[in-house]
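Trainee: I am new to this structure and would like to learn how to read it. Please show it to me, and then we can go through some features.

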Amino acid sequence: MNETFDYSVVDGILSEHGISETAIIAILQSIQEEYHYIPKEVFPYLSKKLKVSEARIFSVATFYENFSLEPKGKFIIKVCDGTACHVRKSIPIIERLRKELGLSNTKPTTDDLMFTVETVSCLGACGLAPVITVNDKVYAEMTPDKASELIKELREGNCDD
Amino acid sequence: MDNRDYMMIDGIPVEINDEKNLLELIRKAGIKLPTFCYHSELSIYGACRMCMVENEWGGLDAACSTPPKAGMSIKTNTERLQKYRKMILELLLANHCRDCTTCNNNGKCKLQDLAMRYNISRVRFPNTASEPDVDDSSLCITRDRSKCILCGDCVRVCSEVQNVGAIDFAYRGSKMTISTVFDKPIAESDCVGCGQCALACPTGAIVVKDDTRKLWKDIYDKNTRVSVQIAPAVRVALGKELGLNDGENAIGKIVAALRRMGFDDIFDTSTGADLTVLEESAELLKRIKEGKNDMPLFTSCCPAWVNYCEKFYPELLPHVSTCRSPMEMFAAVIKEEYSTSSKRLVHVAVMPCTAKKFEAAREEFKVNGVPNVDYVISTQELIQMIKESGIIFSDLEPEAIDMPFGTYTGAGVIFGVTGGVTEAVLRRVVSDKSATSFRSLAYTGVRGMKGVKEASVMYGDRKLRIAVVSGLKNASDLIEKIKSGEHYDLVEVMACPGGCINGGGQPFVQSEEKEKRGKGLYSADKLCNIKSSEENPLMMTLYKGALKGRVHELLHVDYAAKKEAK
């Protein structure tokens, strides 16, 4: 087990959900909320605590698209590419974001772990199309230029922190 | 009035007893309903859909997951069902490597078998099989994911029977695969090497590691002296594939076949087991005498159990017997005996086991970097070698094993079945050595195919409590029980359900046939004129000769100490 990994966070999550095999999805969700992904260090730890094999936890974590085993950025930008957003030109927004951040379809996260860009199929806000969200905050009627501006703001805002 | 329950299967009334599902009843009625994902010992998965039957309303039910009910009426063989079964097979084949002739599982494959049975002469869909994706990191088993049909048998055996859970399904939809955590090579996973997954696998996706090619070279090499030992469980399991009956003791024919193949010295691991009995009994009695009995003594013959203990219960290692397994004890003695030979020495062990391949390669059992056992060949591989040699096995005249290690006892032979080690140790420990006394030991509860057995035997004025478990899930349940205060003096653990007779290296058989193998070993025991290990005259010779002053060096190992040293 990893010596440098702080398991007290995981312990907190475990006590919140109860140490039970049936709570495994909720536990993984909380871990992902904390770290923005599921670190591989938690697998042997959870396996021991929950008495479930690591392979079984891996099975659950890979079954759901929502779980990520790769580290994600501080800002997770979801660009809606559902039908409404698509016809209102969501693709140029995605392209601009990826160009600006040096990302691609296969490389969703920046090396400094600041930004992750992913597409989603519908955010249920078609009236506001094209829509993007940053860490679940909604930005309506986007354009490529507005997107560039937003990235700039996020970067600066982050520097202020 | 006849108040038995009946149901109709293909228009024939069939009596319902306590069958768990339609499938078992249908098979009992003499219909070979095809399945990939059904094993009576495992939970029901219902994924392969090969066992579909048509009910009286024209609906389709999976026979494996439908309980039989009185008055039910089903058909197993309609035009629609046949069409669906063929379609399933075609779809599986469309996504499967079809180089059967060069597959390690050629002739033993369920997919091949059913494709033949259902006369699949062409597949209408383009072949989308992936390139071979082989993981041969393990010394025990080889995986090729491109041959996997996702029936999940391996996953369920590994977690339900063995409580190991080294593999599971990963990803989903068309990307679904069987995987270790983070796709690690199997050797780096929790795998203990028991090989039960290879037994359960219907295709060539998981097979026993093949070590025969290199061995042939050594057999043909004139400057190499090849000795071999044959494990007890092998003799009752290979006959069926070679034209004998299930459970028939074929030791004489195996010896004859090995000699014809070119092995120089042929011995029986039962002799090694006699050594184990003496050492393990001594260890048990010493513990009792010293009053060290807060924890039981766990047996150490089963290498998959030792692996499991190291990976999952390292704190128990100090309570695992320091005795080497019969194979390793015997190998050390044999290598010692021939150490002055002018030829290069190679020692082979024919085992029912895949984990033995790992055990043989352990650092603990190497002398100057050379393992005492150079090759471990599973029963399946031996069958293959006999076939390659063109020997007509059923026609062979039985032959006797070689001197100077030509004697073994019934106690050694029964090591191959769950409870056997315990019974052998009890024969050594009890004070009354009469035939009646030995016969009554058989009824203390140590015999039978049950996964968990308990027995108690008087030793002097002390009652010894003994537990016998097979299947690692049963072992871990028992360990939890012991941790919460249950007391035993001796615990025998065999990783494979039923013991070595159902080892991962044995040919696959249905559960009814497995019992015949156990019976075969007990009748081999009856035929031995010596029943108790200490009466084996060879033991006296060995302890006065080769083993004098070297018992600990040659017959013992301390897994716990090695672990701490790391």
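Mentor: Start with a term: contact means heavy atoms within 4.5 Å. Keep in mind that this is a predicted model.

Trainee: Which residues of helix 2 of chain A meet helix 4 of chain A?

Mentor: On the helix 2 side they are A:Ile24, A:Ile25 and A:Leu28, and on the helix 4 side A:Ile57, A:Val60 and A:Ala61. Sorted by kind, the residues of this contact are six nonpolar, no polar and no charged.

Trainee: At roughly what angle do the axes of helix 2 and helix 4 of chain A cross?

Mentor: Helix 2 covers residues 24–35 of chain A and helix 4 covers residues 54–63; their axes cross at roughly 70° and come within 11 Å. Angles of 65 to 115 degrees count as roughly perpendicular, so helix 2 of chain A is roughly perpendicular to helix 4 of chain A.

Trainee: Is the crossing of helix 2 and helix 4 of chain A left-handed or right-handed?

Mentor: Helix 2 of chain A passes helix 4 of chain A in a right-handed crossing.

Trainee: Now the two chains. How is the size of an interface given?

Mentor: Often as the accessible area lost when the parts come together. Here chain A and chain B bury about 1200 Å² between them, with 60% of it on carbon and sulfur atoms. In chain A, the residues that lose the most area to chain B are A:Ala55, A:Phe58 and A:Phe63, together 43% of what that side buries. Counted by contact, 12 residues of chain A touch 16 residues of chain B.

Trainee: How many salt bridges does the rule find across the interface of chain A and chain B?

Mentor: The rule finds one salt bridge there. A:Arg56 forms a salt bridge with B:Asp168, and their closest N and O atoms are 2.4 Å apart.

Trainee: What should I look for in the backbone?

Mentor: Look for exceptions: most residues other than glycine have a negative phi, and most peptide bonds are trans. A:Lys89 is not a glycine, yet has a positive phi of about 70°. A:Lys89 sits in the loop between helix 5 (83–87) and helix 6 (91–101) of chain A.

Trainee: Which peptide bonds are cis, then?

Mentor: One cis bond joins A:Ala129 and A:Pro130, with omega about -10°. A:Pro130 is in the loop between strand 2 (115–120) and strand 3 (132–134) of chain A. In chain B, the bond from B:Met403 to B:Pro404 is cis, with omega near 10°. B:Pro404 belongs to the loop between helix 12 (379–389) and helix 13 (410–413) of chain B.

How values were computed:
Residues are numbered from 1 along each chain as its sequence is written. Chains are lettered from A and ligands numbered from 1 in the order in which they are written. This is a predicted model: local features need pLDDT of at least 70, side-chain atom pairs count only at pLDDT 80 or more; totals for chains, interfaces and linings use all residues. Side-chain values use heavy atoms; hydrogens and water are left out. Axes are lines fitted to C-alpha atoms, for helices over the stretch in contact, and angles run from 0 to 180 degrees between N-to-C directions. Helices (H or I, at least four residues) and strands (E, at least two) are DSSP runs, numbered from the N terminus. Angles under 35 degrees count as roughly parallel, over 145 as roughly antiparallel, 65 to 115 as roughly perpendicular and the rest as oblique. A crossing is left-handed if the near helix is turned anticlockwise from the far one by less than a right angle, and right-handed if clockwise. Ala, Val, Leu, Ile, Met, Phe, Trp, Tyr, Cys and Pro count as nonpolar, Asp, Glu, Lys and Arg as charged, and the others, Gly among them, as polar. Buried area is the accessible area (1.4 Å probe) that two parts lose on being put together, summed over both. A salt bridge is a side-chain nitrogen of Lys or Arg within 4 Å of a carboxyl oxygen of Asp or Glu.
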